[in-house]
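Let's take a walk through a protein model together. Keep the picture open as you read, and look up each spot as we get to it.

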Amino acid sequence: MKLSFDKAIVEFTPENDVEASELEALWIKMGNCVGGDKKLAPIGTYMPSEDKTARFHIDGLTDAEANADPEMRAPFDCQVYCLTCNKIQSVKKGELIPMCCGRLMEIMD
């Protein structure tokens, strides 16, 4: 995922189909025009030498939005797997990626 900055604007540019699907899921979660404004607030620290993951909390979600299962569609025909139980499942392009063990299954590369 490529990030670009222009003053107070941040642009996210996906670099592959999986990132495009993930960005679409974030856009849907953030871009719901019903209700109040939503903001990304950083959580903890970001030190690339120790952990390459930066974490953010979405402020402004209703309880229903916060507790809803995330919806991400498969960007292409692929297999997905569960990081917890190692279950593997096939999904077609455009189908919802299923939940397993309380989280979205991951697309196999």
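Is Glu15 buried or exposed? Glu15 is exposed, with a relative accessible area of 57%. Here, exposed means over 50% relative accessible area, buried means under 20%, and partly exposed is in between, using a 1.4 Å probe and counting protein chains only. You'll find Glu15 in the loop between strand 2 and helix 1. Helices (H or I, at least four residues) and strands (E, at least two) are DSSP runs, numbered from the N terminus. Glu15 and Met1 are 14 residues apart in sequence, yet their C-alpha atoms are 5.4 Å apart in space.

A quick word on the ground rules. This is a predicted model, in which local features need pLDDT of at least 70 and side-chain atom pairs count only at pLDDT 80 or more, while totals for chains, interfaces and linings use all residues. Residues are numbered from 1 along each chain as its sequence is written, and side-chain values use heavy atoms, with hydrogens and water left out.

Together with Leu3, Phe5, Val10 and Phe12, Met1 forms a nonpolar patch on the surface, with about 480 Å² of accessible area in total. Strand 1 (2-6) and strand 2 (9-13) are the elements that give two or more residues to this patch. Patches are made of residues with over 30% relative accessible area and no salt bridge; like charges are joined within 9 Å, and nonpolar side chains (Val, Leu, Ile, Met, Phe, Trp, Tyr) within 5 Å. The areas come from the Shrake-Rupley method with a 1.4 Å probe, and for residues only the protein chains shown count as cover. Phe5, in strand 1, is exposed at 64% relative accessible area. Met99 sits in strand 7 (residues 99-100) and counts as partly exposed at 31%.

Next stop: charged partners. Side chains of opposite charge can pair when their charged atoms come close. The structure holds 3 salt bridges, each being a side-chain nitrogen of Lys or Arg within 4 Å of a carboxyl oxygen of Asp or Glu. One joins Glu65 and Lys38, at 3.6 Å from N to O. Glu65 lies in helix 2 and Lys38 in the loop between helix 1 and strand 3 (39-43), so this pair ties together parts that are 27 residues apart in sequence. Both Glu65 and Lys38 are buried. Arg55 pairs with Asp51, with the closest N and O atoms 3.2 Å apart. Arg55 is partly exposed at 44%, and Asp51 is partly exposed at 32%. Glu106 and Arg103 also meet in a salt bridge, at 3.7 Å from N to O.

Finally, find the largest pocket, which holds about 2,000 Å³ of space. Of the 41 residues that line this pocket, the closest to its centre are Glu22, Leu23, Ala25, Leu26 and Ile58. Helix 1 gives the most to the lining, with 10 residues. The lining residues divide into 26 nonpolar, 4 polar and 11 charged. What makes a pocket? On a 1 Å grid over the protein atoms alone, it is an open set of points where a 1.4 Å probe fits, with protein on both sides within 12 Å along at least five of seven lines, and lining residues have an atom within 4 Å of a point.

Note on methods:
Points joined across faces, edges and corners; volume = space filled by probe spheres on them. Nonpolar A, V, L, I, M, F, W, Y, C, P; charged D, E, K, R; others polar.
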